Amino acid sequence: TKTAITKIAIIGDVANIGWDHGKSIAMTADDATKLNWSVKVNLEEGKEWKFAMNGGWDINLGGVAGDEYTLRFGGDNIKVTAADAGEHTIHLDLSTVPYQWWIE
């Protein structure tokens, strides 16, 4: 089945939001296609997070062991490294498979 993605958010123990969808940080679609999303967030070393779609756990993207910037459905929590700590913009690209993300 196809499910329209209308909302993507960062969820996890980063930025004191916890794993509650009511406190997740909404991402913004960067263009009309809704294939590229971004959000500015403060990341703390050692914390973990994921991408959650439509305000629930049915569709979520996490990391792939050994390839930290590739995503998979229901993947591992993404761990914040010392290099990624601080305020950054997280980008999510859904235009190609496997989906990619990066920090700016």
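1. G18 counts as partly exposed because its relative accessibility is 24%, where buried means under 20% relative accessible area, exposed over 50%, and partly exposed in between, with a 1.4 Å probe and protein chains only. This is a predicted model, in which local features need pLDDT of at least 70 and side-chain atom pairs count only at pLDDT 80 or more, while totals for chains, interfaces and linings use all residues. Residues are numbered from 1 along each chain as its sequence is written, and side-chain values use heavy atoms, with hydrogens and water left out.

2. G18 sits in the loop between β1 (8-12) and β2 (25-26), strands being DSSP runs of E with at least two residues and helices runs of H or I with at least four, numbered from the N terminus. Apart from neighbours within four places in sequence, G18 is in contact with I11, G12 and D13, contact meaning heavy atoms within 4.5 Å. The C-alpha atoms of G18 and W49 are 8.9 Å apart, although 31 residues separate the two along the chain.

3. For the chain, the secondary structure comes to ten strands and zero helices. Residues 24 or more positions apart supply 58% of the contacts that have a separation of 6 or more, and 39% of the 104 residues count as buried.

4. The radius of gyration of the chain, taken over C-alpha atoms, is 13 Å, which agrees with the value near 13 Å for a compact globule of 104 residues, the globule rule being 2.2 Å times the number of residues to the power 0.38. The C-alpha atoms fill a box of roughly 35 × 30 × 25 Å along the principal axes.
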